[in-house]
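I opened the model with a notebook beside me and wrote down what I looked up, entry by entry.

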Amino acid sequence: MLVIGLRTRNGKEPALWSWLLNIRYKLIGREADKGLLFRIFIYLILLDTAYIYLKPILHMVTTMVKNADDLLDPAVNWFPRVIYLGNLQDAWEWLKYPKALATSLTMALVVALLQTMSCAVTGYAFARLKVPFKNVMFFFLLLTFIVPMQVTILPNIIYARELGLLNTIYPIIVPAFFGLGLKGALFVIIYRQFFSTQPKELEEAARIDGASVYKIFYKVMMPLAKPAILVVFLFSFIWTWNDFYLPSMYLADIETAPLSMGISRIATALRQQAEQYGPSVTDEAIRMSTTFLMIVPPMLLYSFTQRWFIEGVERTGLVE
């Protein structure tokens, strides 16, 4: 009350009152989301979230470089006494890593490229073209996204066997050429959402200049769709890379399996070995090594494309 009275009589703020206001504005801010306390709260949340996501990766890396002594010693938790690469070498040999990596890369890259192009054409047709029964076809497209893959896998396996395509990657690649495959319906929806937000004046101007529908799509709309293209490509690549179900159905008898199947085979072999001879000290370290070898390529890919990927997610409307 004394401070307020002094301010009222003199028409000026006293030094103490000014100092208190400055402290308040620095801690709380003139707005609720600009004060120091709010920023500290946000940083704490971000650090906690980062720790939740990074802890399994740190545990994986530290476990795979431990030798048997460090694995048995309860005092060794995060930092091993000696960096041991034998577990990584064993996982490399068990996975047949160069051949398995080539198989996984070929399958993921081809599927991602085909889905990126075919789903773009389908999404543009649903967004812009006047097609009879378009809403009905879009409903059936949503059904392919809703119906579980396990419902339709048996007829697909029968068709692949009759065509002589079992134990090859063609049953996984060919559907991507037609906008299907793993999560194909979702990619069509992403493109449809993106093309629906583009101004129609661009197409009208291109039609006035005499451009056909195909030229409008490839010359006008596709250059604008770079954010959607990047999002679809990365999603398709990662999901195909990590997928275990489809390769296990079509590539069950193949010798050089992709990495997703190799990890499962190693886990099964370790479990059978533990049942016969008892658990080994290095079983967990070998599992961590195989997981590390599988996630390294997607992590490298994302590390180079994360900025454009985040911008693409924002511009395609996935965050709405």
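**Entry 1**

I looked up F145 and found its place in helix α7, where helices are DSSP runs of H or I of at least four residues, strands are runs of E of at least two, and both are numbered from the N terminus. I note that this is a predicted model, in which local features need pLDDT of at least 70 and side-chain atom pairs count only at pLDDT 80 or more, while totals for chains, interfaces and linings use all residues. Residues are numbered from 1 along each chain as its sequence is written, and side-chain values use heavy atoms, with hydrogens and water left out.

F145 has a relative accessible area of 38%, so I list F145 as partly exposed (buried means under 20% relative accessible area, exposed over 50%, partly exposed in between, with a 1.4 Å probe and protein chains only). A nonpolar surface patch of about 1,000 Å² includes F145, along with V131, F133 and V151; α7 supplies the largest share of the patch, 7 residues. Patches are made of residues with over 30% relative accessible area and no salt bridge, like charges being joined within 9 Å and nonpolar side chains (Val, Leu, Ile, Met, Phe, Trp, Tyr) within 5 Å.

**Entry 2: the whole chain**

I counted 16 helices and 0 strands in the protein, and buried residues make up 32% of its 320 residues.

**Entry 3: the cores**

Which residues have the most contacts inside the largest nonpolar core? They are Y191, F195 and L259, in a core of 40 residues; such a core is a set of buried Ala, Val, Leu, Ile, Met, Phe, Trp, Tyr and Cys residues joined through side-chain atoms within 4.5 Å. Among the elements that give two or more residues to this core are α5 (86-95), α10 (184-196) and α15 (259-277), and α6 gives the most, with 9 residues. Not counting residues up to four places away in sequence, L259 touches L95, Y97, A100, L101, S104, W241, L293 and M294, contact meaning heavy atoms within 4.5 Å. I also noted a second, separate core of 13 residues, which includes M107, V111, I153 and Y250.

**Entry 4: helix α9**

In α9 (residues 170-177) I found P171, I172, I173 and A176 buried, and their cover includes α6, α8 (149-162) and α14 (245-250). G179 follows α9 and has a positive phi, near 80°.

**Entry 5: salt bridges**

I found 3 salt bridges in the structure, each being a side-chain nitrogen of Lys or Arg within 4 Å of a carboxyl oxygen of Asp or Glu.

- D70 pairs with R81, the closest N and O atoms being 3.4 Å apart; D70 lies in helix α4 (residues 68-72) and R81 in the loop between α4 and α5, so the pair ties together parts that are 11 residues apart in sequence. D70 is buried at 3%, whereas R81 is exposed at 56%.
- R128 pairs with E203 at 3.1 Å between the closest N and O atoms, linking distant parts of the chain, helix α6 and helix α11 (residues 201-208), 75 residues apart. R128 is buried at 14%, and E203 is buried at 4%.
- E284 pairs with R287, with 3.8 Å between the closest N and O atoms, and both lie in helix α16, 3 residues apart, about one turn of the helix.

Technical notes: Areas by Shrake-Rupley, 256 points an atom, 1.4 Å probe, with all protein chains shown as cover.
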